[in-house]
Amino acid sequence: MSDDPRRILLWGLEAVAWVFRGGDGGRWSQVRTDCLPKLAGILLFLESRGLIDGVLLDHADHVLALADKQAPAMTPESLEAEYVRLFVNHRGGAGVPLSQSCYTGEGLMMGEPAVAMQSLLDRAGLKVDASLGMPPDHIAIELAYLMFLFPEQHPPPTVSKIAWGRKGSVPEQPPIKSPSEFTRQMLAPWVDELRKRTIEAQASPLFHLAATILVVLTECLQDQNFPFSAPTT
C-alpha cells in the first residue's frame, strides 16, 4: 500500500464506490483484492489523524475477520444477493436507493440532483458508459466525479468501471473546482440518510462498513482545511 496520503484517500473513495457499484458488475470474488485492502488503508489513514472512533474500527475488524475466515456472509454469492436485496429489488422499489434524487429530489428518480450532476459531467467533458444503467446522481458516479476533481486525476485511473469518455477534445473548466465544494453541495445533503437506511435494512457487515466510511469521508472532505480539499487549479 502506498504511503502517499492523497493516493490512500483516493483508494478509500474507490473502495466505497466499488461496493456501491455492485463489485464492478458482480465480481465479488475480488472483494479481498479490490476492496478490503483499500478500506483498511483509508481507515488507518483516518485513525492516524484521530478522525474515527473505536466503534468504526471494531466494525472494520469484524469485516476483515469474516473475510479471513471466508464466512458465508462474505462469499461472492452472498454479497451479490445482499446487494440485490438492499439496492435493487424491494417491494415498492429499492429499499436503499443509491441515487441522490431519491433523498433530496422530492423522492423521484432523475430529479433536480440528477440534472445538476449531468450538467457537471457535461461541462467537464465526461460521459458515463450507458451500459451501466446508472443515473448521473448515483453515488458511485458522484464519487467518481469527486475523484476527478483531485489533481492529476483526469480521468481518475482507479474508476475503471465508470468508463469515463471524453465528449470533446478539450473539457471545460469544471464549475465546481474543489473536492470540498463538491462534497458540501452534492454529497453532504444525503449520504448520512443513505447510511441510516442501510442500517435500518440490516445490511450485512461490508455494506454497513462502506456506508459508514462514506459518511466519515464526506465529513472530512467538506472541511476546506482538510488536506486535499483545496482547489485543484
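Tutor: Gladly! A search of the whole structure finds 10 aromatic pairs, where rings of Phe, Tyr and Trp (its six-membered ring) pair if their centres lie within 6.5 Å. This is a predicted model, so local features need pLDDT of at least 70 and side-chain atom pairs count only at pLDDT 80 or more, while totals for chains, interfaces and linings use all residues. Residues are numbered from 1 along each chain as its sequence is written, and side-chain values use heavy atoms, with hydrogens and water left out.

Student: Why is the pair of Tyr83 and Phe207 called tilted?

Tutor: The ring centres of Tyr83 and Phe207 are 6.4 Å apart and the planes stand at 50 degrees, so the pair is tilted. Planes under 30 degrees apart count as stacked, over 60 as edge-to-face and the rest as tilted. This pair links distant parts of the chain, with Tyr83 in helix α5 and Phe207 in helix α11, 124 residues apart. Helices here are DSSP runs (H or I, at least four residues), numbered from the N terminus.

Student: What makes Tyr83 and Phe207 buried?

Tutor: Buried means under 20% relative accessible area, with exposed over 50% and partly exposed in between (1.4 Å probe, protein chains only). Tyr83 has 10%, so Tyr83 is buried; Phe207 has 0%, so Phe207 is buried. Ring pairs also link Trp18, Phe20, Trp28, Tyr83, Phe87 and Phe207 into a cluster.

Student: Why do Cys102 and Cys220 count as buried?

Tutor: By that same cut-off: Cys102 is at 15% relative accessibility and therefore counts as buried, and Cys220, at 8%, therefore counts as buried. As for disulfides (pairs of cysteine sulfur atoms within 2.5 Å), the count comes to 0.

Student: What makes a space a pocket?

Tutor: On a 1 Å grid over the protein atoms alone, a pocket is an open set of points with protein on both sides within 12 Å along at least five of seven lines, and lining residues have an atom within 4 Å of a point. The largest pocket has a volume of about 280 Å³, the space filled by probe spheres set on the points. Its lining has 20 residues, and Tyr83, Phe87, Val88, Leu98 and His138 lie nearest the centre. Helix α5 gives the largest share of that lining, 4 residues.

Terms used. 1 Å grid on protein atoms, 1.4 Å probe; cavity = no way out; pocket = protein on both sides within 12 Å on 5 of 7 lines; lining within 4 Å. Helix = DSSP H or I, 4+ residues; strand = E, 2+ residues; numbered from the N terminus.
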